[in-house]
Amino acid sequence: THSISLVSGWNLISFRVHPNSTDIATVLASVAGNYDLVYAWDATGGHSTSGNWMMYDPNVPFGNTLESLDETMGFWIHMTATDTLEVTGVIPVTTNINLYTNAGGWNLVAYPSGVNRPLPEALSDNGIGTDFSLVYAYDADEVVPWKLFDVNMLPFLNTLTELSPGWGYWVKVNVNQ
């Protein structure tokens, strides 16, 4: 089980287990009643009716374009109360996350690991090489919630220095991965 503390308001998160069921309502059952919207990003543009954004509203029985969540996806969840998301599943041995240039190179991804890893090594050592330029994270607990890693910035100026379990990340790539 991967436990993720969520605060009231928007949270950008991911989880590190492959859930027993990827059905979105099942994955989010532990916080049912305490969230009202979930958004994920499809960098392929495959959701022609909604563009790149996929949405799930638990209070609307139809029209949702986000139907499942897994360990490859970063996603936004809007919490109406503080709670802890408990996702039960199997820890994968390896996880492949495809990255695309279709949407300006922006991908919203998970970090399916149990340990923190420094940037840029967390990406460059795991298949991306030097084919990325920016990584953003959002920490709802901080006064300045957006954290940035820019490969072209002096290292001490980056406010995002590592990838951590439970966080979702915006990654900008310049080639399909």
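A residue counts as buried when its relative accessible area is under 20%, and in this predicted model that cut-off decides how N64, the subject of the opening view, is described.

**View 1. N64 in the loop between strand 5 and strand 6.** With a relative accessible area of 16%, N64 falls under the 20% limit and is therefore buried. A polar atom of the N64 side chain lies 2.8 Å from the backbone nitrogen of D57, and a polar atom of that side chain also lies 3.0 Å from the backbone oxygen of V60. When neighbours within four places in sequence are left aside, the residues in contact with N64 are M55, Y56 and D57.

**View 2. G74, a buried glycine in the loop between strand 5 (53-56) and strand 6 (75-79).** The relative accessible area of G74 is 1%, and G74 is therefore classed as buried. Although G74 and F15 are 59 residues apart along the chain, their C-alpha atoms are separated by 8.1 Å. Not counting residues up to four places away in sequence, G74 touches I13, S14, A40, L108, V109, A110 and G168.

**View 3. N11 within strand 2 (residues 9-13).** N11 has a relative accessible area of 6% and is therefore buried, while its side chain reaches the backbone oxygen of G9 at 3.0 Å. Beyond the residues up to four places away in sequence, N11 touches L6, F75, W76, I77, M79 and A140.

**View 4. Strand 1 (residues 2-6) beside strand 7 (residues 83-87).**

**View 5. The cis peptide bond from L119 to P120.** Most peptide bonds are trans. The bond from L119 to P120, by contrast, is cis, with omega near 10 degrees, and P120 itself lies in the loop between strand 10 (117-118) and helix 2.

**View 6. The largest pocket and its lining.** About 520 Å³ of space lies in this pocket, and 23 residues line it, with T95, I97, P112, A122 and N126 lying nearest its centre. Strand 9 (106-110), helix 2 (121-128) and strand 14 (168-173) each supply at least two residues of the lining, and the largest share, 5 residues, comes from helix 2. By class, the lining of the largest pocket divides into 14 nonpolar, 8 polar and 1 charged residues.

View 7. Strand 4 (35-41) and strand 9 are the elements that give two or more residues to the lining of the second largest pocket, and strand 9 provides the largest share, 3 residues. The lining of the second largest pocket has 9 nonpolar, 6 polar and 1 charged residues.

Notes
Residues numbered from 1 in each chain as written. Predicted model: local features only at pLDDT ≥ 70, side-chain atom pairs only at ≥ 80, totals over all residues. Heavy atoms only, no water. 1 Å grid on protein atoms, 1.4 Å probe; cavity = no way out; pocket = protein on both sides within 12 Å on 5 of 7 lines; lining within 4 Å. Points joined across faces, edges and corners; volume = space filled by probe spheres on them. Helix = DSSP H or I, 4+ residues; strand = E, 2+ residues; numbered from the N terminus. Nonpolar A, V, L, I, M, F, W, Y, C, P; charged D, E, K, R; others polar. Buried < 20%, exposed > 50% of the residue type's maximum accessible area, 1.4 Å probe, protein only. Polar contact = N/O pair within 3.5 Å; in protein donor to acceptor, adjacent residues only side chain to side chain. Contact = heavy atoms within 4.5 Å. Pairing = 2+ DSSP bridges.
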